[in-house]
Amino acid sequence: MIRTLYGKLAAVFLVLLVLAGTAGAAASATAVSLYLNEVSQRLNRDLAAHLIADSELVEDGQLREAGLKHIFHMLMVINPRIEVYLLDPQGEILAFDAPHGQVLKPRVDLRPVQTLMTGDEPLPILGDDPRSMDRRKVFSVAPVLDDQGSRLGFLYVVLGGQRYDSVADMMRDSYILRLGLWGAFGALLATVAAGLLVFRLLTRRLRRLDCRMRRFADQELKTKAAFTESGGDEVDRLDSTFHQMAELIARQMKDLETADRTRRELVVGVSHDLRTPLASMRGYLETLLLKEASLSASARREYLQIALDQSERLARLVDELFELSRLEAGETRLEREPFSLPELVQDVVQKVQIEAAKGQIEITSELPWDLPFVDGDLRLIERVLENLLHNALRYTPAGGKIHVALDEGEGRIAVRVADTGQGIPQDDLPKIFDQFYRGSNNRTGSRDGTGLGLAIAKRILDLHGGPIGVESQTGRGSTFRFELPAAS
């Protein structure tokens, strides 16, 4: 199958050239044959009349049938291009000079004879060839009259007889004809070579453009999208590459719009979250400066502690923003290693026990110690567990419970973090992993959380190729679940 535009153009050109050459040769042969017949009949139209005048075909008002064969033989020897027949008024052949069995027709159709004699139609006019059942040839004809002018028959002369046919066959082997055929063949080859060269020059820029676009798609855009190899010629590949690049550009434009919208939302969220601790710090520090002399040591210490807490909150927010930006930009590289997930969960639970005890929240865990190791980044998975537990503590009221459980599936280990908090409204479930999303039904009503913990957890799990999901019912708590692949 031809896969290049040049090959297709060359094939079409060759086919058209062959068809045009064949049609031209057939038309030329037909035209030359008609022209030669017309010239021959025009030049020899009166030949039959001259033969009658020069030959003694009539004697005493009767046809000389006894000597006609000899006369015809002499005429055909003098002019081997002709065949002479004597016809009666109805077209029956009375006399001819030919070996027995060569004349196949006993009579000649007189309609072409009458047409030629009256001159009603243009030349050439073809008549019957008595030596063939279906072949027709140009002829000359004249009536044979007696002394009183009565018609005794016709002298029918076929122009280009059987011997002339043989001579024509011999001409096909002549040097001139062979030279002409070789010349035509050489001209055909020259035309083919010139056409192929022109097509190659015309398609050169298209091939170069196709190579550049494919190289650009493979090298410059290979990190953005997978370009499929298209069949067909250069035009098909250009069309396929264009559509794939157009789809890629459309997706990138959509991603840019999403990123721009996210950036604006991030600026609004960051502005709000930075303004609150900064305003609090500024207020308490200004109070210390204005009322330093009148404040007791315990009050000054309380104000400084509040300012310190707000600065720590501000530092935590900045750290999480940097971490989230690195995750979204793809700058965070996973340092995968096999590790024990039950041990990691136990360590994280112990870290948050003190905070849970302050809030009168009970944390329990269900950790099968015979689970296989998981494959992942230990530090980042620890951050996911911490964010999920801190989120559960924030939205679980006093006296509530948090339960962490591990389940083994087909080649994967599932982690579930369930709480008995107020739950998440169904309308808010699609938004809980968005940046700066915070529910209003936390246990204290405060907004100490940054709203980035779940977003960071989702980005980390996206890097690991594992989804994170949530199930929640208002007033009955929430359950977060994610999976990690077991180490091979």
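The largest nonpolar core of this predicted model has 47 residues. Those with the most contacts inside this core are Leu341, Val345, Leu388, Leu389, Ile402, Phe480 and Phe482. A second, separate core has 17 residues, among them Leu47, Phe72, Leu75 and Leu86.

**The largest core**

- Helices and strands both build this core: at least two residues each come from helices H8 (297-329), H9 (341-358), H10 (378-394) and H11 (453-464), and from strands E11 (401-408), E12 (412-419), E13 (468-473) and E14 (477-485).
- The most is given by H10, which supplies eight residues.
- Val345 is in contact with Leu367, Leu385, Val404 and Leu406, when its neighbours within four places in sequence are left aside.

**The mixed sheet**

- Five strands form an open sheet with mixed pairing, in the order E9-E11-E12-E14-E13.
- Strand E9 (362-366) and strand E13 are the edges of this sheet; each has a single partner strand, so one side of each has no neighbour in the sheet.
- From one strand to the next, the twist averages 15 degrees.
- Seven bridges join E11 and E12, which pair in the antiparallel sense; here Ala405 stands opposite Arg416 of E12.
- Helix H9 packs on this sheet and touches E9, E11, E12 and E14; the direction of H9 makes about 175 degrees with that of E11.
- Helix H10 lies across E9, E11, E12, E13 and E14, and runs at about 175 degrees to E14.

**The pair of helices H10 and H11**

- The axes of H10 and H11 come within 9 Å of each other and cross at roughly 150 degrees.
- The crossing of H10 past H11 is left-handed.
- On the side of H10, the contact is made by Leu380, Ile381, Arg383, Val384, Asn387, Leu388 and Asn391.
- On the side of H11, the contact residues are Gly453, Leu454, Ile456, Ala457, Ile460, Leu461 and His464.
- By class, nine residues of this contact are nonpolar, four are polar and one is charged.
- Leu388 takes part in this contact and is also among the residues with the most contacts inside the largest core.

**The antiparallel sheet**

- Another open sheet has five strands in the order E4-E3-E7-E6-E5, and its pairing is antiparallel.
- Strand E4 (93-96) and strand E5 (126-128) stand at its edges; each has a single partner strand, so one side of each is left without a neighbour in the sheet.
- In this sheet the twist averages 40 degrees from one strand to the next.
- Strand E3 (residues 82-87) is joined to E4 by three bridges, and the two run antiparallel; Leu87 has Ile93 of E4 as its bridge partner.
- Helix H2 (residues 47-54) lies across E3, strand E6 (136-145) and strand E7 (151-159), at about 40 degrees to E6.
- Helix H4 (residues 110-118) packs on the sheet and touches E3, E5, E6 and E7, with its direction at about 75 degrees to that of E6.

- Pro124 is located in the loop between H4 and E5.
- The relative accessible area of Pro124 is 24%, so this residue is partly exposed, a class that lies between the limits of 20% and 50%.
- Pro124 and Tyr35 are 89 residues apart along the chain, and their C-alpha atoms are separated by 8.2 Å.
- Not counting residues up to four places away in sequence, Pro124 touches Leu34, Asn37, Glu38, Gln41 and Val138.

Conventions: Residues are numbered from 1 along each chain as its sequence is written. This is a predicted model: local features need pLDDT of at least 70, side-chain atom pairs count only at pLDDT 80 or more; totals for chains, interfaces and linings use all residues. Side-chain values use heavy atoms; hydrogens and water are left out. Two strands pair if DSSP finds at least two bridges between them. Helices (H or I, at least four residues) and strands (E, at least two) are DSSP runs, numbered from the N terminus. Axes are lines fitted to C-alpha atoms, for helices over the stretch in contact, and angles run from 0 to 180 degrees between N-to-C directions. Contact means heavy atoms within 4.5 Å. A nonpolar core is a set of buried Ala, Val, Leu, Ile, Met, Phe, Trp, Tyr and Cys residues joined through side-chain atoms within 4.5 Å. Buried means under 20% relative accessible area, exposed over 50%, partly exposed in between (1.4 Å probe, protein chains only). A crossing is left-handed if the near helix is turned anticlockwise from the far one by less than a right angle, and right-handed if clockwise. Ala, Val, Leu, Ile, Met, Phe, Trp, Tyr, Cys and Pro count as nonpolar, Asp, Glu, Lys and Arg as charged, and the others, Gly among them, as polar.
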